[in-house]
Amino acid sequence: MTSMNKVFADLPVTIFEAMSQAARDNNAINLGQGFPDDPGPEDIRRAAADAVLNGYNQYPSMMGLPELRQAIAAHYARWHQLDLDPMSEVMVTSGGTEALTSAILAVVEPGDEVICFQPVYDSYLPIIRQAGGIPKLVRLEPPHWRLSEEMLRSAFTPKTKAVLFNNPLNPAAVVYPREDLELLARFCHEFDAVAICDEVWEHVVFDGREHIPLITIPGMRDRTIKVGSAGKIFSLTGWKIGFVCAAPPLLRVAAKVHQFLTFTTAPNLQVAVAYGLGKSDDYFLSMRAELARSRDRLTAGLERLGF
Ligand SMILES: Cc1ncc(COP(=O)(O)O)c(C=O)c1O
């Protein structure tokens, strides 16, 4: 048998699929994969259906439909006072996963060190390794999972090319405070590193906490690649519409990777996501309140079971 690419051949079979199959077999609630139990906002699904019926079925622009890129820029301007140029600083991808892959392959070259924090989302390490990068794993400690000066000082070296930072953090559910972001920004500056920020859970924040994108921290605007996912924002996980936001020199290279990964993304779904991102603040706030109620219910149940 021909030898295969070891980065992927040696990976264990994906545990998510196994967990989901076990949940189906046992008629159990599936906590192994992020399956929302409601069908997603009806008006957004209708916007997608209308777009399928009324055109929007051919190859769209490689960078994403202009109306979606404008909606992404407007959304982040409204929520985070981030000033993005939709045409040179925003790209649409097929999910957050493709956005992350485009970002990693755009930045990492053989021998580069890439700092990743554990617990680590499963897609980062294989792609870093495929790029020839060397993951430097830094363990975050419960119960607070915070960053510290000492941990960053021991992780960053002159070979550090990038840091992969997931905020809010899956699965520990930390929403990083400004203090930690400023600390990380200081190290990125000192070591001239790019921050690839996986912020797909940006709207899932509870109890009055505020998600602060690292790209908004002073000094990070030109060295951050921000990744988002409409699947997570609207609980439409199968749609796989992601976004990359970055300064033009970073985005230009990520776009070249995207060109040869998927080239483009379903245009009808892009139209619907553009509509969804423009929904009022009330929509996003009540979605958070509803998820917080589910969180409270689960917590109460787990506590009754003695966890
Ligand atoms: C932390 C994190 N990053 C990225 C993704 C992938 O997002 P998408 O489904 O848009 O590819 C997920 C999905 O669960 C995630 O939890």
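A polar contact is a pair of N or O atoms within 3.5 Å; within protein, one must be able to donate a hydrogen and the other to accept it, and residues adjacent in sequence count only if both atoms are side-chain atoms. This is a predicted model, in which local features need pLDDT of at least 70 and side-chain atom pairs count only at pLDDT 80 or more, while totals for chains, interfaces and linings use all residues. Residues are numbered from 1 along each chain as its sequence is written, and side-chain values use heavy atoms, with hydrogens and water left out.

Select the ligand and then K240: a polar side-chain atom of K240 lies 2.6 Å from an oxygen atom of the ligand. At G96 the backbone takes part, with an N or O atom 2.7 Å from an oxygen atom of the ligand. The ligand taken alone exposes 400 Å², of which the protein buries 92% (accessible areas come from the Shrake-Rupley method with a 1.4 Å probe; for residues, only the protein chains shown count as cover).

Next, display the shell of 13 residues around the ligand, of which T97, D198, S229, K232 and K240 come nearest; a residue is near a molecule or strand if one of its heavy atoms lies within 4 Å of it. Helix α6 (residues 95-107) supplies the largest share of this shell, four residues. Helices (H or I, at least four residues) and strands (E, at least two) are DSSP runs, numbered from the N terminus. Colouring the shell by residue class gives four nonpolar, six polar and three charged residues. In this classification Ala, Val, Leu, Ile, Met, Phe, Trp, Tyr, Cys and Pro count as nonpolar, Asp, Glu, Lys and Arg as charged, and the others, Gly among them, as polar.

**Two buried loop residues**

Move to G64, in the loop between α3 (42-53) and α4 (66-80). G64 counts as buried because its relative accessibility is 1%; buried means under 20% relative accessible area, exposed over 50%, and partly exposed in between (1.4 Å probe, protein chains only). Not counting residues up to four places away in sequence, G64 touches R69, V92 and Q270, where contact means heavy atoms within 4.5 Å. A distance drawn between the C-alpha atoms of G64 and A246, 182 residues apart along the chain, reads 15 Å.

N30 is the next selection, in the loop between α2 (15-25) and α3. With 18% relative accessibility, N30 also counts as buried. Its side chain makes a polar contact with the side chain of S20 at 3.1 Å. Leaving aside neighbours within four places in sequence, N30 is in contact with M19, S20, A23 and F35.

**Aromatic pairs**

Now show the aromatic side chains. Rings of Phe, Tyr and Trp (its six-membered ring) pair if their centres lie within 6.5 Å; planes under 30 degrees apart count as stacked, over 60 as edge-to-face and the rest as tilted. By this rule there are eleven aromatic pairs. In one of them, the rings of F156 and F191 have centres 5.4 Å apart and planes at 35 degrees, so the pair is tilted. This pair links distant parts of the chain, 35 residues apart: F156 is in the loop between α8 (149-155) and β4 (160-166), and F191 is in the loop between α9 (178-190) and β5 (194-198). F156 is buried at a relative accessible area of 4%, and F191 is buried at 18%.

Select F234 and F284 for another tilted pair, 6.1 Å centre to centre with 50 degrees between the planes. Because F234 lies in the loop between α10 (230-233) and β7 (242-245) and F284 in helix α13 (residues 281-304), the pair ties together parts that are 50 residues apart in sequence. Both residues, F234 and F284, are buried.

**Backbone geometry**

Most residues other than glycine have a negative phi, and most peptide bonds are trans. The last stops are exceptions to inspect in the backbone.

- Q118 and P119 are joined by a cis peptide bond with omega about 5 degrees; P119 is in the loop between β2 (113-118) and α7 (124-130).
- The peptide bond from N170 to P171 is cis, with omega near 10 degrees; P171 is in the loop between β4 and α9.
- Y56 has a positive phi, near 55 degrees; Y56 lies in the loop between α3 and α4 and is partly exposed at 39% relative accessibility.
- F263 has a positive phi, near 65 degrees; F263 is in the loop between α11 (248-261) and α12 (267-277) and is partly exposed at 33% relative accessibility.
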